[in-house]
Amino acid sequence: DHVLTESEFVRQNDLRYPFEERGLQFGDGIYEVIRVYGGSYYLIKEHVERFYRSAEAVKIDVPYTKKELYEQLDQLLELNKVKGDAKVYLQMTRGSAPRDHAFPSETKANLYAYVKDLPRSKNAMLDGVTAITHPDVRWDWCYIKSLNLLPNVMAKQAAKEEGCYEAVLHKDGEVTECSSSNVYLVRGGKVYTHPAKKNILHGCVRMRIEEFCKDENIDFIEEAFRVEDFQYADEVFITSSTSEVMPVLKVDQQVIGNGRPGQLTRTLQKCYERDAGITKKE
Ligand code: PLP
């Protein structure tokens, strides 16, 4: 239960956030969720690069070099003796200062990271999951992994209340991504997904999916599709660092393809496992 804060490690119970923390009062900060398999980070470089990109986009000065951050993240796993599958949550806020919307002038950014065991969702990945559609009411800069997650929270809760795993977000019918994952539609052996514009998060797993498709000679088409297109889909899947490559069998009342996880999704699941070094370890 060691957590990293302000370049120091403390026990989780000893961690106290000041009330006037900009992360708490404004959601004024950024974060990452990084997957760990068998005690080692997966896609760490992609996550750290995105962390710095998010920070720069919201003008937070990260008071650590990338090298220092990598060292601290390694130390976090060592101190907590992480040997299995886990996730690391990494957060940086603009800092603590008397409440005022404008940036405080002399406040240092606050860093915080913890690690938590996270077994892989093997059954869900084997059997597939269901999703609802939900309006995407978020702002225009979703490529920034910001702490402002209320629209995502509302969407995920709506999915949960329908007994579903995810909410597929759409703007006037055009599918963007999901509440905490990217979404893909497979038709005629081609993979379609929303282009990596500013209005979606550029998933680290999404980047890999593009490469897996290249390796497997599958067309990866960055073209937005619409909610109505689900009726013509052969397969649908979502990706994220926690969900990996997850088959989606139903969206609202629409059964996808033959209602079972598809072959192309299975191929990409295998690519993921190979890339993450999972097959070797198990
Ligand atoms: N889209 C959103 C809104 C997310 O919150 C996430 C991650 O949690 C993703 C996509 C997937 O990103 P990644 O593949 O980097 O985990």
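Axes are lines fitted to C-alpha atoms, for helices over the stretch in contact, and angles run from 0 to 180 degrees between N-to-C directions. This is a predicted model, in which local features need pLDDT of at least 70 and side-chain atom pairs count only at pLDDT 80 or more, while totals for chains, interfaces and linings use all residues. Residues are numbered from 1 along each chain as its sequence is written.

**Exercise 1.** Describe how the axes of helix H6 and helix H7 are placed.

Solution. Helices (H or I, at least four residues) are DSSP runs, numbered from the N terminus. The axes of H6 (residues 204-215) and H7 (residues 263-275) come within 10 Å, and they cross at roughly 110 degrees. That makes H6 roughly perpendicular to H7, a term that covers angles of 65 to 115 degrees.

**Exercise 2.** State which residues of H6 and H7 meet, and sort the residues of this contact by class.

Solution. Two residues are in contact if their C-beta atoms, placed from the backbone, lie within 7 Å. From H6 come Arg208, Ile209, Phe212 and Asp215, which meet Leu268, Cys271 and Asp275 of H7. By class, the contact of H6 with H7 has four nonpolar, no polar and three charged residues, where Ala, Val, Leu, Ile, Met, Phe, Trp, Tyr, Cys and Pro count as nonpolar, Asp, Glu, Lys and Arg as charged, and the others, Gly among them, as polar.

**Exercise 3.** Locate the two domains and say how many residues each gives to their contact.

Solution. The domain assignment, which is automatic or from a database, gives domain 1 (2-117) and domain 2 (122-281). Their C-alpha centres lie 26 Å apart, and the contact takes 20 residues from domain 1 and 13 residues from domain 2.

Definitions and conventions
Helix = DSSP H or I, 4+ residues; strand = E, 2+ residues; numbered from the N terminus. Parallel < 35°, antiparallel > 145°, perpendicular 65-115°, else oblique.
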